[in-house]
Amino acid sequence: MRAWTAADIPELPGRGPQLRLYDSADRQVRPTVPGPTATMYVCGITPYDATHLGHAATYLTFDLVYRMWRDNGHRVHYVQNVTDVDDPLFERAERDRVDWRDLGARETQLFREDMAALRVLPPQDYVGATEAIPEVVEMIEKLLASGAAYLVDDPDHPDVYFRADADPVFGYESNYDRDTMLQLFAERGGDPQRPGKSDPLDALLWRVERPGEPSWPSPFGPGRPGWHIECAAIALSRIGFGFDVQGGGSDLIFPHHEFSAAHAECATGQRRFARHYVHAGMIGWDGHKMSKSRGNLVLVSTLRAAGVDPAAVRLGLLAGHYRSDRFWSNEVLAEAQARLQRWRTATALPAGPDSADVIARLRRYLADDLDTPRALAAVDGWVTDALEYGGRDEGAPTAVGAALDALLGVR
C-alpha cells in the first residue's frame with residue numbers, strides 16, 4: 001500500500017538535544033536512544049470513515065517525534081498499518097450498500113490527503129492488514145506450537161485465541177489490574193463473554209470464516225486476522241523486535257498495545273517489544289471525547305473544504321500537550337489562525353531579532369517530552385519582539401521560519 005508524498009523539510013544547522021518521551025509502561029519520561037536509524041511503529045486507521053481531529057492529533061504527535069529524531073541526525077524507519085479488514089468496515093459498507101474494499105480504499109485515500117495537507121511525514125512502510133496475511137498466519141502457527149494459543153471449544157467456529165497468561169509479564173505495558181483490563185477489553189473490541197475460552201481475557205488471533213465475510217486460507221482453516229496480531233506481525237516483519245517507539249492514542253494502551261506486545265514476545269521468546277510505549281491524549285468536542293460512535297466528529301477534510309488553513313489546524317492541536325485530553329472549539333481554531341498570521345508576518349520581515357536563542361529553546365522544549373505549549377510560547381515571544389521592536393538581523397526571519405517548518409511542521 002502506498003503512503004502519501006513527503007513534504008520538503010529544511011535542514012537546520014547544528015543538532016538538537018536528545019529526545020525524551022514519557023513511557024506508558026515505566027510511567028516516566030526517559031531518553032530515547034535510537035541507533036543511526038530510529039524505528040517507530042504507529043497504529044493506523046480502520047478506514048470506515050473520514051479522519052477526525054482525534055486521529056490528526058495522534059499522527060501529529062508522532063510526526064514531531066520523527067522530526068526531532070531527524071533533527072538529531074537519525075535516519076527514521078517509520079511503519080504504520082491500515083486495518084483494512086475489520087467488523088466496523090463491514091458494518092459501514094453494508095449500511096451504505098457499498099463493497100467493503102471500495103469503502104476502505106476511498107477512506108484510506110482521504111486519510112492520505114488529510115495527512116499530506118497537515119504536512120505529516122509519511123511512513124516508509126504503509127501496510128494494510130490484507131497485505132500481511134502470510135506474516136500473521138506464520139506468527140499464529142508459532143503461538144499454537146508453543147501452547148500460547150489454542151482453538152476455542154466451538155465446533156462451528158473454532159477460532160484461534162491467545163492465552164493472556166502465556167506471557168509471564170503480561171500487563172507490564174498498561175499497568176492495569178485485572179478488573180480494569182476486563183472492563184476495557186469489553187469496551188474496546190474484546191469478547192470476554194465468548195463461550196469456550198480458557199479465560200475471559202484471552203484475545204482473538206484468527207476468526208474462522210463466517211458466511212458473507214472475506215477469508216484467507218490458513219492451516220487452522222479459512223478466516224481473517226484478529227486486531228492485535230495484525231500489528232504485532234507487521235511490526236516484526238518490517239522493523240523487527242525491540243524497536244524504539246510503539247505509538248498510538250491513549251485508548252490503545254489496553255487491550256491493543258498490551259496484546260500486540262504479548263503476541264510478539266511469546267512468538268519470539270524475547271522481552272520488551274518496544275523500548276518506548278508512547279500515547280497521545282484524546283480530543284473532545286461538545287464536552288465528550290471525539291469518536292465515530294458518538295457522532296461528534298470534527299473532520300479534517302470538512303475543515304479543509306471550508307477553507308481552513310491546515311497549518312492553523314496543526315497549530316490548534318499543538319497548542320495543548322500531546323499527552324493531555326483536551327477539547328477542540330471554535331475559539332481554539334480562532335486563536336490558532338491568529339497565531340499563524342502573526343508568525344507568518346514576522347518570518348516575512350526583512351530583518352528581526354537574533355534567532356539563535358529562540359531556535360535553541362524550540363529544540364529544547366520539544367526534546368523535553370514534546371512540550372509544544374512552551375515551544376509555541378517561545379516562538380510567540382520572538383514574534384512579538386520582531387513585530388513590535390524590529391531587529392537588525394537580516395537572516396533571522398528566514399532562520400526562524402525554517403525552524404518552524406523543520407521542527408513544528410508549520411510554514
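Gly249 stands opposite Ala280 in strand β11. Strand β10, residues 243-249, pairs with β11 in the parallel sense, over six bridges. The model described here is predicted.

**Strand β11 and helix α7**

- Strand β11 covers residues 274-280 and is mostly covered, with six of its seven residues buried.
- Arg272 is found in the loop between α7 and β11. The phi of Arg272 is near 70 degrees, a positive value in a residue other than glycine.
- Arg272 counts as partly exposed because its relative accessibility is 24%, and the partly exposed class lies between under 20% for buried and over 50% for exposed.

**Nonpolar cores**

- The largest nonpolar core has 75 residues. Those with the most contacts inside this core are Met40, Leu53, Leu317, Trp328, Trp343, Leu362 and Leu408.
- Helix α1, residues 53-71, supplies the largest share of this core, namely eleven residues.
- Another core lies apart from the largest one and has 56 residues, including Phe90, Ala132, Ala232 and Ile239.
- Leaving aside residues up to four places away in sequence, Trp328 touches Leu53, Ile283, Gly284, Trp285, Met290, Val298, Leu303, Val313, Gly316, Leu317 and Leu333.

- Helix α13 runs over residues 396-408 and has 13 residues. At 1.5 Å a residue, these should span 18 Å, and the end C-alpha atoms are 17 Å apart, which agrees.
- The buried residues of α13 are Ala396, Pro397, Val400, Ala403, Leu404, Asp405, Ala406, Leu407 and Leu408. Leu408 is also listed among the residues with the most contacts inside the largest nonpolar core.
- The cover over the buried residues of α13 includes α1, α9 (310-318), α10 (330-347), α11 (356-367) and α12 (372-389).
- Just after α13, Gly409 takes a positive phi of about 75 degrees.

**The loop between α11 and α12**

- Asp369 has its place in the loop between α11 and α12.
- Although Asp369 is not a glycine, its phi is positive, at about 55 degrees.
- Asp369 has a relative accessible area of 3% and is therefore buried.

**Cysteines**

- The structure holds zero disulfides.
- Cys43 is in no disulfide, and the nearest cysteine sulfur, that of Cys231, is 3.9 Å away. A disulfide would need the two sulfur atoms within 2.5 Å.
- Cys43 has 5% relative accessibility, so Cys43 counts as buried.
- For Cys266, the closest cysteine sulfur is also in Cys231, and the distance of 17 Å is too far for a bond.
- Cys266 has 17% relative accessibility and so counts as buried.

Key:
Residues are numbered from 1 along each chain as its sequence is written. This is a predicted model: local features need pLDDT of at least 70, side-chain atom pairs count only at pLDDT 80 or more; totals for chains, interfaces and linings use all residues. Side-chain values use heavy atoms; hydrogens and water are left out. A nonpolar core is a set of buried Ala, Val, Leu, Ile, Met, Phe, Trp, Tyr and Cys residues joined through side-chain atoms within 4.5 Å. Buried means under 20% relative accessible area, exposed over 50%, partly exposed in between (1.4 Å probe, protein chains only). Helices (H or I, at least four residues) and strands (E, at least two) are DSSP runs, numbered from the N terminus. Contact means heavy atoms within 4.5 Å. The expected span of a helix is 1.5 Å times one less than its number of residues. Two strands pair if DSSP finds at least two bridges between them.
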